[in-house]
Amino acid sequence: MASRTREKLNQPMDRPALLLTEDPLDYSSIFDEFRTDLRAEGAFQLSLVHDLTQDRMELYRLEGAKAAAINRSYPFAIANLAKELIRKDDEWASEVEDDAISIAHRYLDDPTTKAKFQELLERTGLNHAAIEAEAMSIAAAEVERYDRLISTLRDRLRESLRNLFALREAMHRHQSRLIEDDNGDE
Amino acid sequence: MTSDRKAEANRRNAQRSTGPRSPVGKRRSSGNARRHGLSAASRYVGYTEADVIALADAMAGHDANAVVKSFARNAAHAQLRLGRIAHYKVALIERARVFGTTDRQPDPPFARANDILIRLRAWAATGLFLKPPDPEATMPADEQDRTREAIRRALPRLLRLDRYERQAMASRNRALEGLFEAMTMATGDREAR
């Protein structure tokens, strides 16, 4: 039973935790690269390489979701800025809300609207960074949550690497002593 | 010291403390000790004793002494537990991808009450006594977008798991540090002999 489990653990594709939209081939190619680069051997070292691969896949997943969160807030950011830019001195922001939302919807697809909006920005001394800043501030709470998860994953990556090297060193030292002892006995 | 009268009163009160009586109360209290189960003392959720032994042997070697084996076993357990957490995270995201939410759907008798509660919450937030849209219906059609939206909706639960993941990671690291020390000591003992 134990040997069967050990064989199973040695296999690089022991049911990795992947989403249905993620490609198992991506997992196995990252795993192979890590295994070759780190010269990992034995079930536990391979298990730590599985950890590294898993963390790498999760990082891709979360970084994609984080980028999507910021991208999702772009239309709201453009609408917020447009409200400030197109309203006249005696107008309330709510009075130009519909126009601002319409600009935000067209900004990403219509080059004319984009050019006009950028011209409006430049007239007030602003640039594309103003949109990014507004988008980031809208998405900040969500981005912070992704960052917490990403930070755990980076810690895990670092710890797995550290453990891999420490284990290898401890085993190497242990085995060298055993060989020395055996030679001494002879 | 407790007086006899007080002790007698305590005994009488204890006779009355018979726990929940209604079926709902009994069912609820039956799950008192149950939470998420990730840090429970009952081991091997999703893996077996043989998995722990195989991994511990791979770490420590077959000829290791009892102390080294014990640390290796703890480290193997923590390592396998970390592996399970990765699967739970995927399961949560997949659930949100399919249902649009990670919340449990209410049983039929409570569905109406739940519906009213949702409308009241929406009314408190927006001033409109309308039911919010069906979570599944508001999921994007494109698979990649759907997955990212699922991750967003699963975020609160993923953050809860994050805490346990950190705990499992710390416990694995402690066990491994112990293992390395035990291996070094075992090597030193052999040298001394």
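**Chain A, its helices.** I counted seven helices and zero strands in chain A, where helices (H or I, at least four residues) and strands (E, at least two) are DSSP runs numbered from the N terminus. Read along the sequence, the pattern is α-α-α-α-α-α-α. I am working with a predicted model, where local features need pLDDT of at least 70, side-chain atom pairs count only at pLDDT 80 or more, and totals for chains, interfaces and linings use all residues. Residues are numbered from 1 along each chain as its sequence is written, while chains are lettered from A and ligands numbered from 1 in the order in which they are written.

**Chain A, its spread.** I looked up the radius of gyration, taken over C-alpha atoms. For chain A it is 27 Å, well over the 16 Å that the globule rule gives for 186 residues, so chain A is more spread out than a compact globule. That rule is 2.2 Å times the number of residues to the power 0.38. The C-alpha trace of chain A spans about 100 × 30 × 25 Å along its principal axes.

**Where A meets B.** Next I checked α3 (residues 42-72) of chain A against α3 (residues 49-60) of chain B: they pack at about 105°, with axes 6 Å apart. Axes are lines fitted to C-alpha atoms over the stretch in contact, and angles run from 0 to 180 degrees between N-to-C directions. The two helices are therefore roughly perpendicular to each other (65 to 115 degrees). Contact means C-beta atoms, placed from the backbone, within 7 Å. I found A:Gly42, A:Ala43, A:Phe44 and A:Ser47 touching B:Ala54, B:Leu55, B:Ala58 and B:Met59.

Key: Parallel < 35°, antiparallel > 145°, perpendicular 65-115°, else oblique. Contact = placed C-beta atoms within 7 Å.
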